[in-house]
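User: I would like a close look at one part of the model below. Please keep the terms defined as you go.

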Amino acid sequence: MRDHPINWPSPHWPPPLPPAPPPRPTYREPHPVRPGAIAAGALATALWLLLTGLLGTDLRSYALTTLAGGAVAWGVAVLLAWIGDRGVATGVALATSAGWSIATVAIATHWAATGSWPLW
């Protein structure tokens, strides 16, 4: 066997490292949901549901005006989410669900106490 004259260290050994991959992209929400926007939407909706609920003179009218006011609030929340203010839309949706829950508890409590369904 013949010896090959190898010149160590060779300029071609070790092989060059491959280029580093580009950094991973960072995706950002174009309209981030902030706590202040959620609070603003929740407070505005709570005031709205309070005002619409005060229009009712008895439990039935309170429940129906709260339901109607909540439906309007949900429409506004959908519009806000579509336009891009998702934080306020989230606050509106949260407060509307809380207002509807309060009306539901009032109806269920009356129904359980009297045995009479108040929405007839």
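Which pattern does the protein chain follow when read along the sequence? Within that pattern, which residues of helix 3 are buried, and what do they pack against?

Analyst: This is a predicted model, in which local features need pLDDT of at least 70 and side-chain atom pairs count only at pLDDT 80 or more, while totals for chains, interfaces and linings use all residues. Residues are numbered from 1 along each chain as its sequence is written, and side-chain values use heavy atoms, with hydrogens and water left out.

Read along the sequence, the pattern is α-α-α, with three helices and zero strands in the protein chain. Helices (H or I, at least four residues) and strands (E, at least two) are DSSP runs numbered from the N terminus.

Helix 3 covers residues 86–114. Its 29 residues should span 42 Å at 1.5 Å a residue, and the end C-alpha atoms are 42 Å apart, so the two values agree; the expected span is 1.5 Å times one less than the number of residues.

The buried residues of helix 3 are Gly87, Val88, Ala89, Gly91, Val92, Ala93, Ala95, Thr96, Gly99, Ala103 and Ile107. Buried means under 20% relative accessible area, exposed over 50%, and partly exposed in between (1.4 Å probe, protein chains only). These buried residues pack against helix 1 and helix 2 (59–83). Across the protein chain of 120 residues, 22% count as buried.

Threonine 52 counts as buried because its relative accessibility is 9%. Leaving aside neighbours within four places in sequence, threonine 52 is in contact (heavy atoms within 4.5 Å) with Thr65 and Gly69. Among contacts in the protein chain between residues at least 6 apart in sequence, 62% join residues at least 24 apart.

The structure holds one aromatic pair. Tryptophan 111 and tryptophan 117 form this pair, which is edge-to-face, at 4.7 Å centre to centre and 75° between the planes. Rings of Phe, Tyr and Trp (its six-membered ring) pair if their centres lie within 6.5 Å; planes under 30 degrees apart count as stacked, over 60 as edge-to-face and the rest as tilted. Tryptophan 111 has a relative accessible area of 44%, so this residue is partly exposed. Tryptophan 117, at 29% relative accessibility, also counts as partly exposed.
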